[in-house]
Amino acid sequence: MQKKRTSLKRLPAWKALGEHSKEIRKLHLRELFASDSTRGEKLAAEGAGLFLDYSKNRVTDTTLKLLLQVAEECDLRGRIDAMFRGEKINTTEKRAVLHVALRAPKNATILLDGKNVVAAVHDVLDKMATFSNRIRSGEWVGHTSKRIRNIINIGIGGSDLGPVMAYEALRHYTDRSLTFCFVSNIDGTDFVEATRDLDPAETLFIVSSKTFTTLETMTNAQTARDWLLKGLGGDKAAVARHFVAVSTNSQKVSAFGIDTDNMFGFWDWVGGRYSMDSAIGLSTMLAIGPDNFRSMLDGFHQMDEHFRTAPFEQNLPILLGLLTVWYTDFFDAQTVAVLPYEQYLKRFPAYLQQLTMESNGKHVTLDGKQVNYDTGPIFWGEPGTNGQHSFYQLIHQGTRLIPCDFIAFGHALAPLGRHHDMLLSNVFAQAEALAFGKTAEEVRAEGTRKGLVPHRVFEGNRPSNVILADRLTPEALGKLVALYEHSVFTQGTIWNINSFDQWGVELGKALAQRIIPELEAPSEPELKHDSSTNNLIRRYRQMKLQS
């Protein structure tokens, strides 16, 4: 059960942090490093094969002590244990939060209402593996006996962002004889471009919707069904050979024409943004194979165990989470930049946007009271040196404080001459430049003319973390995703919010359902929106008439 908690701002450690932050604001990272020659080694931690250098943050030993004290006063340990025990910590939906069970080993025990859920998880994994092997080997053929060569995942939100990110991140390990596409947007362009030049006889669709009622997903699925039948002569029996479902609604799956033997289930204790390692990851398993998929799950599990057991002061997700709270609530930082120096991770920042912002973009506490502090910063980013020639200018010399997470790997998956050394040199140089900057004296010493000096000064004191792993393997990807999952959990616990519901996505969707018939009616219906929305609907209806 959720314990009644003292208001965050009334906690002794939180109050102490407020006073302490006034002192820290006056300190520069140049001073902090100058006063401790071992800072770079001391403020680092390692867990589950990931190395975190957090020394370039605007913190002292006192800061870290107080942040850890806040975690204790917020009962972070109790919340972690409650999640792993299967307690229904998603209080608004009365659900457990057990994505950790998706990657637990077969011999593990994780109870929900007295029943071990791990066996059911592995039953689905085994079913996914059997199906994946049939597709990858060519044993499974389409309606005309052609081999399947194109896989299209139809989903949205967590049913799309996770699979897309994982496919791009692990493309090095994919079967290149198969083509993978992902359709999520209800904009028809998304579907048209995904299927352009594809042979329906060689195409398999994965429809990912827990309820099989999601508006965008089912609209795209019906369009896919029509496209397939048109290309295969209209024989409805073809649907069963070219569609599978990731869902729990067998009745609607069957009505669509999909054989329920080819339906892969998951559970209401898996949130969409935490589901890429469930059956939602079927496209990932098809791409990289069951063995690599299980390796990814093992990476997740290793980070789960690190989070569950490591002391807080050495716990990577907890340290990242507490630092995010520190900058959000005491430095008015509005965003966090995630900067992977690995091209395969180009969709990782977009994936994190849903994970972090849908989880912690909340304005009330667990007991429904309005928060009086900031929650949920904006996450964003781009891969590698691309960003350096785009938005780094603002990070270095702008007026906003933007904490940065740099992610890099010791070995390249595509080694090419000096490229990787040059790439990693940029990681280390950017973190150094952000921290220490360049003073006016240093600029003048370079012979810079007087009028140009202010323009070439870098204030520095811009915080960053550097996260290093050996190479981007499926296992490493699992560790990285779990690292941020548990960092989000840590933040949500401190802010006393529910990181596992998402009521904020509902209102716009409900209003859209009301507007659709108003756009499609033969004659203009009575419009009862505000004057702006009414006017936009009329304008669009006029546009349709002019087409």
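Predicted model: local features only at pLDDT ≥ 70, side-chain atom pairs only at ≥ 80, totals over all residues.

Residues are numbered from 1 along each chain as its sequence is written, and side-chain values use heavy atoms, with hydrogens and water left out.

A search of the whole structure finds two cavities of 30 Å³ or more. A cavity is a set of points, on a 1 Å grid over the protein atoms alone, where a 1.4 Å probe fits but cannot get out; lining residues have an atom within 4 Å of a point. Volume is the space filled by probe spheres set on the points, which are joined across faces, edges and corners.

| Cavity | Volume |
|---|---|
| Largest cavity | about 100 Å³ |
| Second largest cavity | about 40 Å³ |

The lining of the largest cavity includes Leu320, Tyr327, Phe379, Asp405 and Gln491. Two elements give two or more residues to this lining: α14 (316-330) and α19 (474-495). α14 gives the most, with four residues. Helices are DSSP runs (H or I, at least four residues), strands likewise (E, at least two), numbered from the N terminus.

Leu102, Met128, Trp267 and Asp277 are among the residues lining the second largest cavity.

Lys450 sits in the loop between α18 (440-445) and β13 (464-469). Lys450 counts as exposed because its relative accessibility is 79%; exposed means over 50% relative accessible area (1.4 Å probe, protein chains only).

Technical notes. 1 Å grid on protein atoms, 1.4 Å probe; cavity = no way out; pocket = protein on both sides within 12 Å on 5 of 7 lines; lining within 4 Å. Buried < 20%, exposed > 50% of the residue type's maximum accessible area, 1.4 Å probe, protein only.
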